[in-house]
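User: I would like to go through a structure with you. Could we take it topic by topic?

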Amino acid sequence: MRNRIHQIKFRLNDEELEVLRKKVEDSGMSMTDFLRALVNNGNVVVLPPDLLRDIQRQVRGAGRNINQITKMAHIYGTVSAGDLRRVSAEQEKLEQALRQLE
């Protein structure tokens, strides 16, 4: 048996429907999940897709750097200052991107 037994219907004009569809698409959620998030959280924060892609790229880059440094530390028993500076710079870029989300 379904937990959600209530169905709500409402009407939108063409412009409102287009705005809703665009926000749902940008969120990456289904229409149902988007509307539930709106009801449960009071708002839906939709981040610009370009910003999300940039943050994902930076997280992956930082992860690769950390993995490389970890391998070097296991092999040589030490980590170079240059490697640590590289990770620090990547972390700073990531923190700047995350500050844009606030």
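User: What covers the buried residues of helix 3?
Analyst: The cover over the buried residues of helix 3 includes helix 4, residues 81–99. Please keep in mind that this is a predicted model.

User: Which residues of helix 3 are buried?
Analyst: Leu-51, Ile-55, Gln-58, Gly-61, Ala-62, Asn-65 and Ile-69 are buried in helix 3.

User: Let us take Gln-58. Why does Gln-58 count as buried?
Analyst: Gln-58 has a relative accessible area of 6%, and buried means under 20%, so Gln-58 falls in that class.

User: And what is Gln-58 in contact with?
Analyst: Apart from neighbours within four places in sequence, Gln-58 is in contact with Glu-90, Lys-93, Leu-94 and Ala-97. Gln-58 itself sits in helix 3, which covers residues 49–76.

User: How far apart are the end C-alpha atoms of helix 3?
Analyst: They are 40 Å apart. At 1.5 Å a residue, the 28 residues of helix 3 should span 40 Å, so the two values agree.

User: What follows helix 3?
Analyst: Gly-77 follows helix 3, and the phi of Gly-77 is positive, near 75°.

User: Changing topic: what volume does the largest pocket have?
Analyst: The volume of the largest pocket is about 740 Å³. The lining consists of 17 residues, of which Ile-8, Phe-10, Thr-32, Leu-35 and Arg-36 are the closest to the centre of the pocket.

User: Which elements give two or more residues to that lining?
Analyst: Those elements are helix 1, residues 14–27, and helix 2, residues 31–41. The largest share, seven residues, comes from helix 2.

User: How do the lining residues divide into nonpolar, polar and charged?
Analyst: The lining of the largest pocket has 10 nonpolar residues, four polar and three charged.

User: Back to Leu-35. Where is Leu-35 found, and why does it count as partly exposed?
Analyst: Leu-35 belongs to helix 2. Its relative accessibility is 27%; partly exposed covers the range between buried, under 20%, and exposed, over 50%, so Leu-35 falls there.

User: Finally, what pLDDT does the protein chain average?
Analyst: The average is 85, and 98% of the residues score at least 70.

Definitions and conventions
Residues numbered from 1 in each chain as written. Predicted model: local features only at pLDDT ≥ 70, side-chain atom pairs only at ≥ 80, totals over all residues. Heavy atoms only, no water. 1 Å grid on protein atoms, 1.4 Å probe; cavity = no way out; pocket = protein on both sides within 12 Å on 5 of 7 lines; lining within 4 Å. Points joined across faces, edges and corners; volume = space filled by probe spheres on them. Helix = DSSP H or I, 4+ residues; strand = E, 2+ residues; numbered from the N terminus. Nonpolar A, V, L, I, M, F, W, Y, C, P; charged D, E, K, R; others polar. Buried < 20%, exposed > 50% of the residue type's maximum accessible area, 1.4 Å probe, protein only. Contact = heavy atoms within 4.5 Å. Expected span 1.5 Å × (residues − 1). pLDDT = per-residue confidence, 0-100.
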